Amino acid sequence: MDTNGIRLFVLAAELLNISSAGRQLGLASSVASARLSKLEVQLGADLFHRSTRKVTLSTEGAEFLPYAREILAQEDAALAALGKGSSNVSGTLRFAASSTFVQRFVAPILPEFLERYPGVNVELKLSDTQVNLIEGGFDLALRNYAVEDSSLIGRKLAEDKRILCASPSYLKKYGAPNTPEDLIRHQLLVFMNSKPRKLISESDKQAGSFPPPKGKSRVICDDGASMRIAAKAGVGVCMSSLWNIHSELEEGTLVRVLPDYRIDDQAAIWLVYPKSNVLTSKVRVFIDFLVEKIGDSATLANLKIS
């Protein structure tokens, strides 16, 4: 099976435009169309539904796509093992990550990555809600917990220290809680589907949890940036990663709540990828770049709690 045809198919599936995919690979529209038709004959299936207005993936094309990506990944890995292609990293890297984290840390350094690796394109799927890497066909994802899925492999990027916080205006109006039990009388902002986190005192005070069992969750959301903005506006007390609110802590628009307590969950930020995938050069260099620029030894290590 011609991997050039498979590469064209994958690109056309991503763009949903055969002519554009052909142009990116230096092929005339007629040549690209003929090459895809040849691949379809080899496979015995129509990979696309074609009309004068648009191109869409067929059911067979959608089923073949993850296997096509794996074939290309295997080819890239084989060339890298032979010392070929390592100086010319290329391809589209599909990265699923927290929209909040990407806005804060990844988007500002993307120009440097793209300049360093001009042959790599990055497709970002941004959501603070977890996505399925394998079903979604993603090369890499960012998670804020250790890998528990046996089908995934993870590399730790950094610690994920979390604290409770609220705005000065909210605390002036409602008072600052002194113990975890006091949180029952406060308005709480809670991340959707999050489990209660244990609060442990640094000075042998009584432990608690956030949110407390009888707490009032006035706002529940699935976006860290929105939670940060709502907390700054005075909605209530929330738990947030230090990387999400460090600027607000420095500015004083958010302040720490229950500073004598720490959140006992050993959270960390992980970069994960499907175990079935070969670690291609495009994925390897992106992981190394993120570790270099924002890992524990770089940006995230310098964040301090005020």
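**Helix 5 against helix 9**

Helix 5 and helix 9 are roughly perpendicular to each other, because the angle I got falls in the 65 to 115 degree range. This is a predicted model, so I read all of what follows with that in mind. The axes of helix 5 (residues 99-106) and helix 9 cross at roughly 80° and come within 7 Å. I then looked up who touches whom: T100, Q103 and R104 are the helix 5 side, and G224, A225 and R228 are the helix 9 side. Sorted by class, that contact has one nonpolar, three polar and two charged residues.

**Helix 9 against helix 10**

Next I went to the other partner of helix 9. Helix 9 covers residues 224-232 and helix 10 covers 242-251; their axes come within 10 Å and cross at roughly 30°. That makes helix 9 roughly parallel to helix 10, since angles under 35 degrees count that way. The crossing is right-handed. From helix 9 I noted G224, R228 and K232, which meet N244, I245 and E248 of helix 10. My tally by class for this contact is three charged, two polar and one nonpolar.

I went back over G224 and R228 in helix 9: both turn up in the contact with helix 5, and both turn up again in the contact with helix 10.

**Second largest pocket**

I moved on to the open spaces. The second largest pocket holds about 690 Å³. I found 33 residues lining this pocket, and V10, R69, L72, T92 and K282 lie nearest its centre. Two or more lining residues come from each of helix 1 (3-15), helix 4 (59-81), strand 3 (91-97), helix 7 (133-136), strand 15 (268-274) and helix 11 (281-294). Which element gives the most to this lining? I get helix 4, with seven residues. The lining splits into 15 nonpolar, ten polar and eight charged residues.

**Largest cavity**

How many cavities of 30 Å³ or more does the whole structure have? My search turned up one. The largest cavity has a volume of about 40 Å³. Its lining is made of R162, I163, L164, L199, R256, V257, L258, Y261, R262 and I263. Strand 7 (162-166), strand 13 (255-257) and strand 14 (261-263) are the elements that each give two or more of these residues. By class I count seven nonpolar and three charged residues in the cavity lining, with no polar ones.

Terms used. Residues numbered from 1 in each chain as written. Predicted model: local features only at pLDDT ≥ 70, side-chain atom pairs only at ≥ 80, totals over all residues. Heavy atoms only, no water. Axes fitted to C-alpha atoms, helices over the stretch in contact; angles between N-to-C directions. Helix = DSSP H or I, 4+ residues; strand = E, 2+ residues; numbered from the N terminus. Parallel < 35°, antiparallel > 145°, perpendicular 65-115°, else oblique. Left-handed = near helix turned anticlockwise from the far one by under 90°. Contact = heavy atoms within 4.5 Å. Nonpolar A, V, L, I, M, F, W, Y, C, P; charged D, E, K, R; others polar. 1 Å grid on protein atoms, 1.4 Å probe; cavity = no way out; pocket = protein on both sides within 12 Å on 5 of 7 lines; lining within 4 Å. Points joined across faces, edges and corners; volume = space filled by probe spheres on them.
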